[in-house]
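Hi,

Here is the structure I promised to pass on. Have a look at it first, and my notes follow below.

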Amino acid sequence: MKKYYLLDYNWQKIGFAIIVFCIVLVLVFYKSVIYTFYPFLLDNLDYEQEFHSWVPVLFVCLLPTAFALIALSQEKIDDERIKETRHQVLARMVIIYILAIFVRQLAYVILTYYFSPQTLGVVNCIAQPFLGITAFMGYYILFFKLSLWKQNKELSYEE
């Protein structure tokens, strides 16, 4: 069986640097990002989008790349405990992702009876960043790092 290896730890640092760059982009060009992803929030604001239309495209390209670099790179010390934690968190995130997609589709079917298509579009626009594959890569990284932090804290108490 062919073995697949994770990226070196330095790629994780590059991924975190890209996330910081994305955060700075959003903070500096927040009107462009809001206008692109949530146009209904800026209906009354006269905003010239053509000057900063590259920011959301760069953000949408860089953020998943950063998450992938972090998720696919090793830790500083990568032992069996960390590998097992990685597998456990990955399995949990796959199950949560499937459940979230199922619940979202079920909620849309139910909401179509009570709300207009415009309202459903707004709900979808708000929910998409939190339920997309990029978000679940971020959730995987968050849960993995929190699990490692919790395990390291428990191990330090035992010593």
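Predicted model: local features only at pLDDT ≥ 70, side-chain atom pairs only at ≥ 80, totals over all residues.

R86 has a relative accessibility of 9%, so it counts as buried (under 20% relative accessible area; exposed is over 50% and partly exposed in between, with a 1.4 Å probe and protein chains only). R86 sits in helix 4. Leaving out residues up to four places away in sequence, R86 touches L6, A71, S73, Q74, E75, D78, Y140 and F144, where contact means heavy atoms within 4.5 Å.

Residues are numbered from 1 along each chain as its sequence is written, and side-chain values use heavy atoms, with hydrogens and water left out.

Now the overall fold. The protein has six helices and zero strands, these being DSSP runs numbered from the N terminus (helices are H or I, at least four residues; strands are E, at least two). Its radius of gyration is 20 Å, well over the 15 Å from the globule rule for 159 residues, so the protein is more spread out than a compact globule. That radius is taken over C-alpha atoms, and the rule is 2.2 Å times the number of residues to the power 0.38. As for burial, 26% of the 159 residues count as buried.

On to the helix packing. Helix 4 (residues 80-111) and helix 6 (residues 133-158) have axes that come within 9 Å and cross at roughly 140°. The axes are lines fitted to C-alpha atoms, for helices over the stretch in contact, and angles run from 0 to 180 degrees between N-to-C directions. That makes helix 4 oblique to helix 6 (under 35 degrees is roughly parallel, over 145 roughly antiparallel, 65 to 115 roughly perpendicular, and the rest oblique).

P129, F130 and L131 of helix 5 meet I133, A135, F136 and Y139 of helix 6, and the contact has seven nonpolar, no polar and no charged residues.

Cheers

Technical notes:
Nonpolar A, V, L, I, M, F, W, Y, C, P; charged D, E, K, R; others polar.
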